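Here is a short briefing on one protein model. Look at the sequence and structure first, then read the points below.

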Amino acid sequence: MVLFTAMIGASLAPVGTKRALAAEVDAVGASAPVGFAEVIERVRPAVVGIRVKTDQRGLDVERRQAIPPGSLLDRFFKQFGVQIPGEPLPGSDVTVGSGFLVSGDGYIVTNEHVVAGGIEIEVTMDDGKVHSAKLIGGDPQTDLALIRISAPDDLPYVRFAAAEPRIGEWVLAIGNPFGLGGTVTAGIVSARGRDIGEEPYNDFIQIDAPVNKGNSGGPTFNVRGEVIGVNTAIYSSSGGSMGVAFDVPAETVRSVVHQLREKGHVTRGWVGVYLQEVTPGIADALNLKNTRGALVAQLDEGPAARQGVEAGDVITFVNDHELKNPRDFARTVAAIAPGTVINLRLLRNAQEMSIDVTVGEHSRTASARSEKQPELGEKSALGLTLAPARSISGAGDEGVVILDVKPGRGALDGGLQVGDIILAVSGRGISTAADLNSMVDEARTRAKRTILVRIKRAGTMSFVAVPIT
């Protein structure tokens, strides 16, 4: 571009003037952008390429089990084009991924989905040497795995960052995209705390450094050469980088790797509650001052139920940690060793309570749906998801509670909100979703365009006219 501009300028110069040539430009001493050569030179020897021969049929089965069709994670992948960058090509029995050494005696971190179903694991070092590796352990909930190679005890390795990266910090991703080992890309931290799937144990770091298929399991470094995260997924409609990638944070990786190395699996605390967000509508319905905390929607036969926690309670603190939402609760309890007694502070009918609960162990074969929002309520007419009021603590015995309102339907136009209690439709009381469906159908057969709904919101009764056409 500079040469093109210089030539245009030269062509327009008056006759007799001296023309400037690009070859005569002296750039010695001019300032230049700071590069990353020194930090890359130090850390790249610890980054490896991973090639896994798989039992393709078994791998497909495991993937279907790990990402159930129709689940939140499955819908997220399909709607937004999120792809797992180490996924093999259709029909292939080889997965290509990345990893990095975390100790001089051959322990390597990678993604669980890279090595899942592997019957042979091959590691290629930065100097081209190839080693066979064995799986030490994997954790599908965080998509992390630990493998090990047999080699001299003086291998280069890297360390994890002690602090979370700041949004806007430079980051460097190194990996094995498309089998091109030792590839370096640069970008910045775009966001933290991203929730891209079902599992409650991760808050992903979003980066814009180009990450592609084969980068899975590779490290992302800060400019000090510390690992801030592990590349796991990309946002893409084509399979290639579109500038949005997601990393498992270093804090999570450090904890999981420690347990995988010690035990070969990860142990998580569990108390047996199904939680959901406290939306503004639910907060109003329960007379809460804010939306912080986690609403207990359902309980298993576990520690919380045995110690007196009830559906409808809003848990606000675990020990001295104030909760933001259900994911915060799940991560906090998961990090507590089974057998530990914790104190839960909660609100029941707007009254503060305190209950001590002994933490149990989360089953490694169970879904992480526990400590999360369950599939509650019934879909009904007008795009509403409803539950009988008597099944929601604090909602009373009459009517149905709105758990969800589908966008683009008449219920929103009529002003109905999550947390409203529908007491009556067209002057008749209702107690189930089926009652509402029947009344809407009846109104439509009579060519009605709206129905009059009596609701209770934050203790106040009112009527709203809801379109049904």
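pLDDT, the predictor's confidence in each residue from 0 to 100, stays under 50 over residues 365–375. The model has 41 contacts for this stretch beyond four places in sequence; a contact means heavy atoms within 4.5 Å. This is a predicted model: local features need pLDDT of at least 70, side-chain atom pairs count only at pLDDT 80 or more, and totals for chains, interfaces and linings use all residues. Residues are numbered from 1 along each chain as its sequence is written, and side-chain values use heavy atoms, leaving out hydrogens and water.

**Confidence**
- The protein chain has a mean pLDDT of 80, and 77% of its residues reach 70 or more.
- Residues 57–73 have pLDDT below 50. This stretch has 25 contacts in the model beyond near neighbours in sequence.

**Around A283**
- A283 lies in helix α7, residues 280–285. Helices are DSSP runs of H or I with at least four residues, strands are runs of E with at least two, and both are numbered from the N terminus.
- A283 counts as buried because its relative accessibility is 4% (buried is under 20% relative accessible area, exposed over 50%, partly exposed in between; 1.4 Å probe, protein chains only).
- Not counting residues up to four places away in sequence, A283 touches V278, L288, N290 and T291.
- A283 and V418 are 135 residues apart in sequence, yet 9.7 Å apart in space, C-alpha to C-alpha.

**W170**
- W170 is found in strand β8, which covers residues 170–175.
- W170 is partly exposed, at 48% relative accessible area.
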